[in-house]
Structures are given as structure tokens and as C-alpha cells.
Amino acid sequence: MMLRGSHTETMKILWICPFFLHPTDRGAQIRTLGIVKELHKRHEIHFVALNDPQNVEGPERSTEYSTRHFAIDHSAPGRRSVRIIPQLVGSVVEAMPLAVSRYYSEIFENKISELIAREHYDSIVCDFLAAAPNLKDMRSCVLFQHNVETTIWQRHAAQNSSYLKRWFFQLQARKMAAYERKICREAKHVIAVSEIDAKRMKSMFDVEDVSSITTGVDVDFFASPSQAPPVSDILFCGSMDWLPNVDAVVYFLAKVLPLIRERKPDVTFTIAGRSPDAAVLKAVEGHTGVYVTGKVPDMRPYLWGSKISVVPIRIGGGTRLKIYECMASGLPVVSTAIGAEGLRYEDGKDIVIADDAERFAAACVRMLTEHPVRDSIARNALELVQDKLSWEAVSREFEAVLEHNRLPQNENMAEI
């Protein structure tokens with residue numbers, strides 16, 4: 001079910017998130033920010049989230065998208081931190097999956113309950129499954145699902161060659177499936193980011209109250225200048241500590257790039273994104289013309305200065321906003337079907353889809369050597385995002401779902 005937005009009365013919305021939206025360096029943050037900024041123009045938004053005490057920017061910039069904000073100090077250790085070891089060990093015996101339990105905070109839970117009992121909200125949004133452990137009851141909440149989390153863990157297990165890692169991923173996938181099913185069935189309504197994800201949740205979790213919304217992009221922000229300094233032939237952009245991105249880059253370096261260089265030996269490849277994983281740095285060793293930037297202050301010069309973008313994703317769910325950002329930048333994209341899953345596109349017109357290494361490499365070579373083909377793909381993609389995929393339009397879809405599931409005035413007064 002896809003609900004199209006229409007103008008509605010002002011709502012008072014509690015938005016519950018595992019983190020603040022700045023610095024904005026993850027695709028899901030970009031999606032939430034694009035939507036909630038537009039909703040804030042028409043509605044009263046109370047934003048409550050966990051926040052690393054070192055992140056001053058997050059709470060300070062929350063005025064861009066919320067009327068009031070509430071920051072709860074909490075620091076979830078990163079995958080490479082020694083502080084995550086006790087959590088990894090505990091996750092073997094705990095019922096809740098690690099990707100969710102690491103965002104639980106008793107203080108956060110109590111603050112949410114206090115706000116719900118006091119403020120009389122018209123709508124309560126649980127943004128990300130990771131926020132759900134902090135709600136005592138999901139029955140008054142709209143759950144915003146950026147991915148089918150279970151699918152991501154299942155794909156991790158299927159793609160990993162290490163016996164120990166595969167066992168861990170399978171274990172987490174089973175726990176995630178049980179938890180995700182429970183929360184989706186308890187929620188008042190679920191919002192997915194694509195029709196594919198909506199259908200998957202209905203099938204996997206036996207839940208019917210699911211809507212899908214479109215993924216959007218800030219077309220004006222990414223519009224390319226007439227001239228941009230050259231950066232690279234091929235670009236991969238994204239958070240480089242997110243496992244699906246790590247797998248994609250390691251796979252591309254091992255299986256695809258060598259095939260491209262059989263035709264174009266001097267081709268350059270840039271990997272742009274925060275916190276490059278050790279596996280990425282190791283995979284780069286021995287390659288010439290391959291550059292790892294780490295975190296960049298602004299991704300747009302990399303988009304504007306590259307010839308093609310690649311999205312060789314083999315693991316993941318939800319939708320890749322970076323594909324629409326590339327399109328809005330005038331940068332043509334070669335992607336796997338999983339990488340472009342859930343997005344609006346026509347293969348061969350707006351984007352090129354290739355699922356095995358040989359076809360992926362051939363598509364890249366063609367785009368790099370046949371300028372009319374590359375220009376046509378870029379032009380068609382830009383027209384697509386300009387005409388149909390603004391955040392204002394997406395926010396109207398989201399708004400319609402919230403209005404349809406608006407809480408009766410007495411429903412949110414009880415402690416949740």
C-alpha cells in the first residue's frame with residue numbers, strides 16, 4: 001500500500017531516533033533528514049535521540065528539523081573498538097540482536113515514556129528498528145524501517161567465506177528475524193522505503209499494516225557546476241565502515257577492477273567515505289591508481305569530478321540514496337540489482353544493472369569509452385530525479401501515512 005500525501009492539519013509529532021542527524025554521513029540519516037526537514041515546515045516535531053557526548057553538532061543543528069530536541073548521552077562502541085568485545089560475547093546468549101541491543105538506554109526509555117505521558121502527541125515515529133528497545137509498547141508507534149534488517153544479516157551469512165563469521169551472521173540473522181517480526185507486528189503501522197521491502201516484510205513477518213514511501217534527493221544541492229576539477233574515472237562513495245559497502249569494495253577490487261584494466265590499464269578508482277574498514281585498506285594493497293579518501297567534508301566534488309559511479313553491492317536492504325545523489329549530480333551509475341533494489345529506474349536508460357563480475361566490468365568499460373552512452377544515461381537519470389524525487393514530494397507521502405494513523409487524543413496519554 002502506498003499512500004500519497006495531501007495537505008493535512010498540523011500535527012504534534014514525537015520522533016524517536018537512535019542518533020542525531022548531524023554530522024550527516026550515512027544514507028539513512030540523509031533520508032530521515034530530508035523527510036523531517038519538510039515535515040517541520042508544516043508540523044511540530046519533538047526529536048529525542050541518543051547522542052555521543054562528543055557530538056556537539058547533532059543537538060545544535062536539530063533546530064533545522066525540530067521544534068524541540070532531547071539528547072540522551074550514549075556512546076555505542078564501533079566495530080573496531082575493544083569496548084564492543086563484551087557486547088559481542090553477550091550477543092551470543094542474549095535474545096536481542098546486537099545491532100539493536102547496543103542502542104538501548106534506560107534513561108532514553110524513561111525520557112520517551114515521560115514525553116508520551118505529558119505531551120499528547122498526534123503521532124509517534126520510531127525511526128529505525130534500533131530505537132525500538134527503548135519503547136515500552138509499540139502499539140501507538142509508526143515504525144519507520146529503512147531496511148529489512150533480517151535480509152541484510154542473511155546476505156552477510158550467504159556471502160561470507162569465514163566459517164566463524166558465517167556462523168555469527170547466521171546467529172544474528174535468526175535473532176534479528178525473531179525480533180524484527182515481533183516489533184513489526186506490535187507497531188501501529190510500518191513504513192518501508194520501497195514496495196520490495198514492504199512486500200518482503202509482509203511475507204517474512206506476517207504483517208499487513210505496511211506502507212511504502214519513495215526515496216528522494218535534494219536535486220538543487222547536488223546540481224553540478226558547469227566546470228568541475230577531475231577526480232577519478234570510477235567512484236565508490238559511502239560509509240566505509242558499513243559492512244555491505246566493505247563487501248562491495250573488496251569484491252570490486254578483487255573481481256571487477258582487474259577485468260576493467262584488461263581494457264583500460266590506466267583507469268583510476270576512488271573510494272570516498274568515512275572510516276575505511278581494515279578489510280578495505282588491505283584489499284587496496286598492490287593496486288595502483290586506487291585512492292581511499294576517508295571522511296570528506298563534501299562528497300559533491302567527488303561526484304562532479306568522476307566519470308562513473310559504481311555500486312557493486314551484494315548485501316543489503318532498503319534503498320541506496322547515493323544512487324539518486326549520483327543521478328542528481330549528473331554522474332552515471334553502474335550497479336548490481338541488489339544495489340539499486342527498491343529504486344525507480346529503467347535499466348539501460350537511467351542506470352546500468354550488472355550482477356556478475358564480467359558484465360559489471362564490461363558495463364564500466366563501455367561507459368568509460370563510449371561518451372554518448374555515458375552522457376545519455378546521465379541526462380535521463382537527472383531528468384528522472386528532477387521530475388519525481390524531491391524530498392517535499394516524499395514528505396507528503398510520509399505525512400499521509402501519519403495522518404491516516406493519527407492517534408486519538410487519549411491514546412498516547414498512558415505511559416508507554
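Begin by selecting strand 9, helix 11 (residues 278-284) and strand 10, which together form a right-handed β-α-β unit. A crossover is called right-handed if, with the strands pointing away from the viewer, the path from the first strand over the helix to the second runs clockwise. Helices (H or I, at least four residues) and strands (E, at least two) are DSSP runs, numbered from the N terminus. The model is predicted: local features need pLDDT of at least 70, side-chain atom pairs count only at pLDDT 80 or more, and totals for chains, interfaces and linings use all residues. Residues are numbered from 1 along each chain as its sequence is written, and side-chain values use heavy atoms, with hydrogens and water left out.

**The sheet**

Next, select residues 269-272 and residues 290-294: these are strand 9 and strand 10, which run parallel and are joined by four bridges. Two strands pair if DSSP finds at least two bridges between them. Within this pair, Thr270 has Tyr291 of strand 10 as its bridge partner, and Ala272 lies opposite Gly294 in strand 10.

Now widen the selection to the open sheet, whose six strands follow the order 10-9-8-11-12-13 with parallel pairing. Strand 10 and strand 13 (352-353) are its edge strands, each pairing on one side only.

**Helix 13**

Move to residues 321-328, which make up helix 13, and note that eight of its eight residues are buried (under 20% relative accessible area; exposed is over 50%, partly exposed in between, with a 1.4 Å probe and protein chains only). Among them are Lys322, Tyr324 and Glu325. Just after helix 13, select Gly330, which takes a positive phi of about 80°.

**Two helix pairs**

Select helix 14 (residues 357-369) and helix 15 (residues 371-388): their axes are 5 Å apart and the packing angle is about 100°. Axes are lines fitted to C-alpha atoms, for helices over the stretch in contact, and angles run from 0 to 180 degrees between N-to-C directions. Helix 14 is therefore roughly perpendicular to helix 15 (65 to 115 degrees; under 35 is roughly parallel, over 145 roughly antiparallel, and the rest oblique). In this contact (heavy atoms within 4.5 Å), Arg366, Met367, Leu368 and Thr369 of helix 14 meet His371, Val373, Arg374 and Ile377 of helix 15.

Finally, select helix 1 (residues 27-40) and helix 16 (residues 391-404), whose axes come within 8 Å and cross at roughly 80°. Helix 1 is therefore roughly perpendicular to helix 16. Residues of helix 1 including Ile30, Ile35 and Leu39 take part in the contact, as do Trp391, Val394 and Phe398, among others, in helix 16.
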